[in-house]
Amino acid sequence: MTETSLYILQQLINGLTIGSTYALIAIGYTMVYGIIGMINFAHGEVYMIGTYTAFITIVGLLTMGVGSLPIILLLALITAIIISSTYGYAIERVAYRPLRGGPRLIPLITAIGMSIFLQNYIRLAQGSRDLAMPALISGGIEFGDPAVFEVSISWMQLIIWGITLISMTSLAMFISRSRLGRACRACAQDRGMTNLLGIDTNRIIALTFVIGAALAAVAGVLLGLYYGIINPYIGFMAGLKAFTAAVLGGIGSIPGAMLGGLILGVTEALTAAFFPSEYKDVVAFSLLVLILLFRPTGLLGKPEVEKV
Amino acid sequence: MLRLDNVSTFYGKIQALHNVSLEVNQGEILTLIGANGAGKTTLMMTICGDPRAQSGHIEFDGQPIQQMNTSDIMRMGMAVVPEGRRIFSGMTVEENLFMGSFFRSKDEAEEQLEHVLELFPRLKERYSQRGGTMSGGEQQMLAIGRALMSKPRLLLLDEPSLGLAPIIIQQIFEIIEKLREEGVTIFLVEQNAHQALKIADRGYVLENGHIVMSGTGNALLNDDSVRKAYLGG
Ligand SMILES: Nc1ncnc2c1ncn2[C@@H]1O[C@H](COP(=O)(O)OP(=O)(O)O)[C@@H](O)[C@H]1O
Ligand SMILES: [Mg+2]
């Protein structure tokens, strides 16, 4: 293979890695939108809180002398999921639920306020400087021609793919097979009717916030370890990208969020391959604009149904 | 069994129900007839708590329900087949039915499923098909089947015959009578006044949000003003 094609292959690998984490975060936007027609702009902060939780857990465990990588990773995931889900639940309960049924602009503004609040809250609690996530996982596999270009897949990338795959599969099974997953789908289609069947839809809505937050927390742990640097502002860009991915795939559609995340990640990586890397955000958001112009419902979205 | 006392409901400033009082007795078929826009759907939905009655009392089994949440009301033993059916079009017949028994135990649901499929063999044939791909009549059967899955004692039906072919309407009305024989109390809202009054024990007439008349099904069928207004002379 030529140098260029190996290089492109490398960027594809990198793009799929970032893309999977966008997809994980995007699920939260898309599920919440699908069920209550609102954009939860504080979702990026829930992701960021997941990263911080993982950081604290990992540093704590290392300090206590725990050396087993699987145990550290597992505990980081568990604590991040618990804390982020709690935030996701609390945000919905405190900030959004009381406003439900009012004009649509109000929860949107509240969400932006919530996002700013959480960002500053973490900034005050943890400081605004960059923190270095302990490098837990290094190395990987390399292939290609050392004389031309060596393509590498790091263990961390494989772990990201693996955990994303497990999370997405579990989510898909939950939504399509379980009783509560069915209620989520029913609620997304006709919340009033779901209520009329004796189902407390407030609980279903809370559940979607919790699921979205849990998946964002998983992304937070993975991306924190992948990039190695965290600060209270990482939620903003990650949230924006994941939101773009959700819209790209068709907001409200779960497979759409998965697809949108991957496409966005790959597009960014390929852009970074041929242009100065600052252009990758420009291209990402241009892609969004193009999709919205030519296919306003996104790739897998259904035509807008009026939410009541 | 169900009792409304001076119930008024508003949409914003517009009053849709004016001091409505009515009663549904255990074991009967009660029908509410009225022209389009009279407030029939509003009345039925007010019972379900959405929209909420602004004033008056609603009692189910002697318990006041006008302040309760819709989902809590619907767990007390009533189920609704709403206007426009509102089945979950992206879900299969099976999934739609099990949504109806969401708060029942698995055993109760399985048992009731058998019964529903017996009542509607058509649903059995279409069991794995998506709701949205079925004909209007089949969707109506699904909506009724879904409501029955919770094993309700009181079934609220909002214009189940709307937009259906006469032969299907006939089937639906037969099912309603059959359900009553099984002991399910029926509250039937209809514009199809003739057929509704024929099977009903009692009926009420709603006009512009007011109850203007009530009586046995037969009495209303033979009443001159009802004949003029709702039965085409
Ligand atoms: N969601 C709503 N918002 C405002 N007005 C409504 C709403 N639903 C119904 N109405 C009004 O309330 C009145 C009664 O409507 P409805 O209960 O649907 O009558 P029916 O079922 O007898 O046709 C109508 O004038 C209708 O325009
Ligand atoms: Mg109506």
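Trainee: Which element gives the largest share of the shell around ligand 1?

Mentor: That's helix 1 of chain B, with 3 residues. Keep in mind that this is a predicted model.

Trainee: And which residues surround ligand 1?

Mentor: Among them are Y11(B), A16(B), G37(B), K40(B), T41(B) and T42(B). By class, the shell has 4 nonpolar, 5 polar and 1 charged residues.

Trainee: What does the polar side-chain atom of T42(B) lie 2.5 Å from?

Mentor: An oxygen atom of ligand 1.

Trainee: How much of ligand 1 does the protein bury?

Mentor: 57% of the 560 Å² that ligand 1 exposes when taken alone.

Trainee: OK, back to helix 1. Which strands of chain B does helix 1 lie across?

Mentor: Strands 3, 6, 7, 8 and 9 of chain B, and helix 1 runs at about 150° to strand 8. Helix 7 (residues 166-181) of chain B also packs on the sheet, touching strands 3, 7 and 8.

Trainee: What order do the strands of that sheet come in?

Mentor: 6-7-8-3-9-10, in an open sheet of chain B with mixed pairing. Strand 6 (78-81) and strand 10 (210-216) are the edges, each pairing on one side only.

Trainee: Are strands 3 and 8 parallel or antiparallel?

Mentor: Parallel, over 5 bridges. I29(B) stands opposite I186(B) in strand 8 there.

Notes:
Residues are numbered from 1 along each chain as its sequence is written. Chains are lettered from A and ligands numbered from 1 in the order in which they are written. This is a predicted model: local features need pLDDT of at least 70, side-chain atom pairs count only at pLDDT 80 or more; totals for chains, interfaces and linings use all residues. Side-chain values use heavy atoms; hydrogens and water are left out. Two strands pair if DSSP finds at least two bridges between them. Helices (H or I, at least four residues) and strands (E, at least two) are DSSP runs, numbered from the N terminus. Contact means heavy atoms within 4.5 Å. Axes are lines fitted to C-alpha atoms, for helices over the stretch in contact, and angles run from 0 to 180 degrees between N-to-C directions. A residue is near a molecule or strand if one of its heavy atoms lies within 4 Å of it. A polar contact is a pair of N or O atoms within 3.5 Å; within protein, one must be able to donate a hydrogen and the other to accept it, and residues adjacent in sequence count only if both atoms are side-chain atoms. Accessible areas come from the Shrake-Rupley method with a 1.4 Å probe; for residues, only the protein chains shown count as cover. Ala, Val, Leu, Ile, Met, Phe, Trp, Tyr, Cys and Pro count as nonpolar, Asp, Glu, Lys and Arg as charged, and the others, Gly among them, as polar.
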